[in-house]
Amino acid sequence: MKEPYLSDKYYYYWVTPGGRAPIVEWEVVLSQDVDEAALRRALETAVQAHANFRTHPIIVNGRPQHELLDVEDVPLFEDDGAVRRMGTADTLGYLFYVAWQGKKVALHYFHSVADGRGGLAFMCTLLRCYLGEKGLIDCDKPASDSSGTQPTFERILERMKGVPPFGKFDPKRHDVFSMPVERYPRKGTKQRMLEVDVPLMPLLSLSKRSDSSVVPTLQALIGRALHKTFDVGERTIVAYTSIDT
């Protein structure tokens with residue numbers, strides 16, 4: 001049994017509105033069709049290496065706890081388009097599952113299990129083990145790499161001891177632009193995602209010529225796209241970017 005991080009407890013469990021649990025997805029496309037048996041063996045190995053993916057949720061005295069269980073079966077399914085509910089029989093009690101179809105392999109996990117970095121670490125382990133099972137690379141049993149959700153709130157509270165608050169951007173004091181797009185469906189849990197595809201090398205070249213870096217260059221491109229697509233006018237566009245992007 002382990003205690004979830006403060007951010008897991010108060011954001012991923014209690015603050016998230018309605019049934020729209022924050023689910024992270026990683027998808028890869030292989031050069032050949034998926035070998036289900038090899039992928040299952042690889043997933044069993046990856047779950048052993050990443051203990052946080054063995055998490056099963058339970059509620060103790062009205063509060064969430066994480067229970068780490070031994071691996072008897074793994075949540076691997078051929079993709080049928082269904083939305084599986086995390087922590088239920090849909091996912092064998094796990095807070096993640098892997099779906100495959102044709103050449104595609106997709107990892108879906110509840111954000112309290114891992115952040116983007118931890119999810120990528122798990123996906124890389126899964127792929128290495130799969131290629132090893134297929135005899136395409138030499139792959140020893142992976143070392144434990146349980147990169148879970150970063151203890152963000154704990155670190156912020158620790159750093160801010162005795163320090164006055166910086167304050168936040170107050171939208172009531174600014175004329176802030178909001179996209180006129182329905183992002184949350186009335187049914188289901190999948191939010192509407194807006195994708196922007198940008199070729200990497202021209203992006204790096206542009207950011208270098210601008211004496212900038214990738215993230216502010218991307219934000220400038222997205223801001224320009226918003227101005228061209230919507231009636232932004234003189235309103236302020238506010239963006240959130242992960243600090244380690």
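Trainee: Which residues of α6 are buried in this predicted model?

Mentor: The buried residues of α6 are Thr217, Gly223 and Leu226.

Trainee: What makes a residue of α6 count as buried?

Mentor: The cut-off is under 20% relative accessible area, and Thr217, Gly223 and Leu226 are the α6 residues classed as buried. These buried residues pack against α5.

Trainee: Why is α5 called roughly perpendicular to α6?

Mentor: Helix α5 (residues 200-209) and helix α6 (residues 214-229) pack at an angle of about 100°, and their axes are 9 Å apart. Angles of 65 to 115 degrees count as roughly perpendicular, so α5 is roughly perpendicular to α6.

Trainee: Which residues make that contact?

Mentor: On α5 they are Leu203, Leu204, Leu206 and Ser207; on α6 they are Val214, Thr217, Leu218 and Leu221. By class, the contact has 6 nonpolar, 2 polar and no charged residues.

Trainee: How do you know that the span of α6 agrees with its number of residues?

Mentor: At 1.5 Å a residue, the 16 residues of α6 should span 22 Å. The end C-alpha atoms of α6 are 22 Å apart, so the two values agree.

Trainee: In what sense do β4 and β5 pair?

Mentor: β4 pairs with strand β5 (residues 96-101) in the parallel sense, over 3 bridges. Phenylalanine 77 stands opposite alanine 99 in β5.

Conventions: Residues are numbered from 1 along each chain as its sequence is written. This is a predicted model: local features need pLDDT of at least 70, side-chain atom pairs count only at pLDDT 80 or more; totals for chains, interfaces and linings use all residues. Side-chain values use heavy atoms; hydrogens and water are left out. Axes are lines fitted to C-alpha atoms, for helices over the stretch in contact, and angles run from 0 to 180 degrees between N-to-C directions. Helices (H or I, at least four residues) and strands (E, at least two) are DSSP runs, numbered from the N terminus. Angles under 35 degrees count as roughly parallel, over 145 as roughly antiparallel, 65 to 115 as roughly perpendicular and the rest as oblique. Contact means heavy atoms within 4.5 Å. Ala, Val, Leu, Ile, Met, Phe, Trp, Tyr, Cys and Pro count as nonpolar, Asp, Glu, Lys and Arg as charged, and the others, Gly among them, as polar. The expected span of a helix is 1.5 Å times one less than its number of residues. Buried means under 20% relative accessible area, exposed over 50%, partly exposed in between (1.4 Å probe, protein chains only). Two strands pair if DSSP finds at least two bridges between them.
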